[in-house]
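Welcome to this short tour. Open your viewer, show the chain as a cartoon, and let us go from one stop to the next.

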Amino acid sequence: MPRLSRQQREQAIGRLHAGQAARVIANDFNCSTRTIERLRQRYNATNSTNDRPRSGRPQVTTPRQNRYILRRHLNDRFATASETARHTVGTHQRPVSDDTVRRRLRSNNLRCRRPYRGPVLTQRHRQTRLQWTIHRQNWRNRQWRNVIFSDESRYCISTTDGRARVWRRQGERYYENCVMETDPWGGPSIMVWGGIGLNSKLGPVVFQNLGPGRGNGVTAARYRDQVLTPHVVPHFNRHPNKTFQQDNARAHTARITRDYLQQNNITVMDWPALSPDLNPIEHLW
């Protein structure tokens with residue numbers, strides 16, 4: 001028998017007040033006479049046609065099991081809901097579903113997100129990065145506007161998605177146990193270089209004559225001939241007070257590159273190793 005909607009319940013009360021019999025109203029709404037009588041009693045008691053509060057279906061997990069689910073995902077942020085469901089037995093030995101685990105985590109403000117992918121950092125790397133940021137934490141717009149940030153990015157022609165998820169709260173994107181550490185990897189790809197400043201843009205430059213095998217990548221000579229000479233040097237000749245930022249790739253730190261930049265009076269910013277997340281050009285890629 002269909003459940004009466006809110007509008008139908010209000011119409012039934014109105015017709016009861018008009019003097020219509022409960023049996024007639026029940027026939028019109030295709031429900032039992034007892035339903036209309038209970039509706040009348042509830043309205044007289046509460047002056048409302050709304051349903052009384054109900055306890056609802058009891059949860060399949062106890063508060064202790066809810067704490068276990070939360071603690072498991074706080075200790076291992078990359079654990080999946082299906083894994084936790086297999087390791088959790090509900091009340092009366094009932095199985096726990098993946099959706100139940102997700103609801104318990106969401107009720108504790110944990111959401112499933114794609115993890116931030118960061119480099120593998122040693123303690124020395126962390127200390128160097130901290131010193132670099134402390135030295136520049138008070139820089140203002142007049143200092144940063146003179147910096148040209150540059151970087152190369154590899155665009156893979158064919159690769160798998162490899163998506164993973166991590167359970168975290170808002171503001172925990174960069175927590176150590178929420179970061180998926182990745183090593184550099186190769187594959188069929190092209191290399192693109194670019195540079196950005198507050199009011200300037202260099203490139204993009206697609207490296208030419210690259211190929212598989214040792215010595216066929218971005219070498220110092222290719223970096224000098226395809227990037228520095230046609231793009232960087234002319235820009236710094238027009239803006240001599242700017243500072244050039246580049247990471248510590250071999251092509252950037254080679255003697256050929258350092259000597260060439262020095263000969264052209266280009267000031268290079270010191271850069272901590274394994275710090276792509278400090279470079280705003282990463283958002284461009």
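A helix here is a DSSP run of H or I that is at least four residues long, and helices are numbered from the N terminus. Keep in mind as you look around that this is a predicted model.

**The whole chain**

Begin with everything selected. The protein holds 11 helices and nine strands. Of the 285 residues, 32% are buried.

The accessible area comes to about 18,500 Å², and carbon and sulfur atoms account for 47% of that. Colouring by charge brings up 49 positive and 21 negative side chains. The centres of these two sets lie 7 Å apart.

**First stop: A45**

Select residues 33–46, which form helix α3, and find A45 within this helix. Is A45 buried or exposed? The cut-off for exposed is over 50% relative accessible area, and A45 has 61%, so this residue counts as exposed. R173 is 128 residues away from A45 along the chain, and the C-alpha atoms of the two are separated by 52 Å.

**Second stop: H125**

Move on to helix α7, residues 123–136, where you will find H125. Buried means under 20% relative accessible area; H125 has 12% and is therefore buried. Which residues does H125 touch, not counting those up to four places away in sequence? They are V120, A273 and L274.

In soluble globular proteins, nonpolar side chains tend to be buried together. To look at the largest nonpolar core, which has 17 residues, select W193, Y223, V227, L228, V232, F244 and I266, the ones with the most contacts inside it. At least two residues of this core come from each of β6 (189–196), β7 (201–206), α9 (220–238) and α11 (255–263). Helix α9 gives the most, with six residues.

Zoom in on V227. Leaving aside neighbours within four places in sequence, V227 is in contact with W193, V205, F207, R222 and V232.

Notes: Residues numbered from 1 in each chain as written. Predicted model: local features only at pLDDT ≥ 70, side-chain atom pairs only at ≥ 80, totals over all residues. Heavy atoms only, no water. Buried < 20%, exposed > 50% of the residue type's maximum accessible area, 1.4 Å probe, protein only. Areas by Shrake-Rupley, 256 points an atom, 1.4 Å probe, with all protein chains shown as cover. Lys, Arg positive; Asp, Glu negative; His and termini not counted. Charge placed at Lys NZ, Arg CZ, Asp CG, Glu CD. Contact = heavy atoms within 4.5 Å. Core = buried A, V, L, I, M, F, W, Y, C linked by side-chain atoms within 4.5 Å.
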